[in-house]
Amino acid sequence: MTPDDVRRLAVSFPEVSEGAHSGHPDFRVGGRIFATLWVEEERVVLRLSPADQAAWIAAEPDLFEALDGAWGRRGWTSLSLWEAEAETVTAVLHAAWRGVVPEAYDRI
């Protein structure tokens with residue numbers, strides 16, 4: 001997966017707008033960021049629930065890593081895109097998106 005693939009996937013979810021956070025493209029719903037793309041490093045940082053974070057790290061420890069400190073304890077997780085499969089990136093982006101969308105989208 002490439003950063004361009006992530007951008008295309010992220011903006012395909014309902015209500016997503018692209019912005020910028022600390023000089024990096026980010027993706028948000030209603031002003032709430034669910035993913036930040038680190039283009040040069042070929043990684044995406046995702047806002048997951050702590051339970052989702054633990055599950056993704058356990059399933060793919062070579063791809064996923066909790067951020068250091070309080071950010072990581074709150075579920076913020078780094079995904080290396082270099083060897084990530086499209087299905088994995090799509091699923092984890094969807095999980096991050098679902099964490100910030102209004103309840104109206106619960107069935108998507």
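Residues are numbered from 1 along each chain as its sequence is written. In this predicted model local features need pLDDT of at least 70, side-chain atom pairs count only at pLDDT 80 or more, and totals for chains, interfaces and linings use all residues, while side-chain values use heavy atoms, without hydrogens and water.

**Exercise 1.** Describe the sheet and the helix that packs on it.

Step 1. Take strands as DSSP runs (E, at least two residues) and helices likewise (H or I, at least four), numbered from the N terminus. Two strands pair if DSSP finds at least two bridges between them.

Step 2. The six strands form an open sheet in the order 1-2-3-4-6-5, with antiparallel pairing. Strand 1 (16-21) and strand 5 (64-66) are the edges, each pairing on one side only.

Step 3. Strands 3 and 4 share four bridges in the antiparallel sense; Ala35 has Leu46 of strand 4 as its bridge partner.

Step 4. Helix 1 (residues 3-10) touches strands 1, 2, 3 and 4, contact being heavy atoms within 4.5 Å. Its direction makes about 160 degrees with that of strand 3 (axes are lines fitted to C-alpha atoms, for helices over the stretch in contact; angles run from 0 to 180 degrees between N-to-C directions).

**Exercise 2.** Which strand gives the most to the lining of the largest pocket?

Step 1. A pocket is an open set of points on a 1 Å grid over the protein atoms alone, where a 1.4 Å probe fits, with protein on both sides within 12 Å along at least five of seven lines; lining residues have an atom within 4 Å of a point.

Step 2. The lining includes Ile33, Thr36, Trp38, Arg43 and Val45. Strand 3 (32-38) and strand 4 (43-47) each supply at least two lining residues.

Step 3. Strand 3 gives the most, with three residues.
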